[in-house]
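Here is a short briefing on one protein model. It starts with strand pairing, then turns to the overall fold and surface.

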Amino acid sequence: MEIEGKIINFLGEQSGTSKAGNLWKKKEYVLETFGNYPRKVKFHIFGDRADTILLEPGRDYVLSFDLESREFNGRWYTDVSVYGARDYVANQQQSFGNPQGGNFNNQGYQAPQGGNMQFGGQQGSGFQVNNDQFTANAGESDEDLPF
């Protein structure tokens with residue numbers, strides 16, 4: 001999942017040793033979302049990522065995160081764990097803490113530039129995107145749809 005907003009507070013860094021004897025580190029921040037009804041979200045960056053994902057209060061970011069809830073003594077707690085971040089800039093985004101570089105997906109694919117994109121395995125099959133309009137290719141039939 002992803003969330004966009006401004007880092008409004010750095011809550012500090014914690015570190016210690018687990019029961020198994022392993023060292024751990026965690027940094028906590030607060031992000032305020034954009035929009036008419038902004039929300040504040042506390043999140044953490046855990047482990048080695050705490051050293052590679054460097055966020056600055058006052059700057060805008062797109063954060064990639066996981067949610068996890070757990071029960072303790074009859075109460076439920078939810079953690080927001082960030083595993084990737086990139087600058088939020090209109091029409092341009094850079095990655096931080098992502099080994100793939102400037103792209104944010106795991107495969108490192110870059111969307112093609114230009115007005116036409118082809119989806120499907122072979123030329124003449126599937127769908128095409130032409131100037132933001134979706135059209136089925138000529139000769140395609142609805143009968144071979146899998147649903």
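Two strands count as paired if DSSP finds at least two bridges between them. With that in mind, Lys6 stands opposite Glu32 in S2. The model is predicted.

**Strands S1 and S2**
- Strand S1 covers residues 2-17, and strand S2 covers residues 23-33.
- The two run antiparallel and are joined by eleven bridges.
- Five residues lie between the strands in the hairpin of S1 and S2.
- In that hairpin, Gly21 takes a positive phi near 90°.

**Strands S2 and S3**
- S2 also pairs with strand S3, residues 40-46.
- Seven bridges join S2 and S3, and these strands run antiparallel.
- Glu32 has Lys40 as its bridge partner in S3.
- Six residues separate the strands in the hairpin of S2 and S3.
- There, Gly35 takes a positive phi near 115°.

**Overall fold**
- The protein has nine strands and one helix.
- Along the sequence, the pattern reads β-β-β-α-β-β-β-β-β-β.
- Take the contacts between residues at least 6 apart in sequence: 36% of them join residues at least 24 apart.

**Burial and surface**
- The protein has 147 residues, and 23% of them count as buried.
- Its accessible surface comes to about 11,000 Å².
- Carbon and sulfur atoms account for 47% of that surface.

Key. Residues are numbered from 1 along each chain as its sequence is written. This is a predicted model: local features need pLDDT of at least 70, side-chain atom pairs count only at pLDDT 80 or more; totals for chains, interfaces and linings use all residues. Side-chain values use heavy atoms; hydrogens and water are left out. Helices (H or I, at least four residues) and strands (E, at least two) are DSSP runs, numbered from the N terminus. Buried means under 20% relative accessible area, exposed over 50%, partly exposed in between (1.4 Å probe, protein chains only). Contact means heavy atoms within 4.5 Å. Accessible areas come from the Shrake-Rupley method with a 1.4 Å probe; for residues, only the protein chains shown count as cover.
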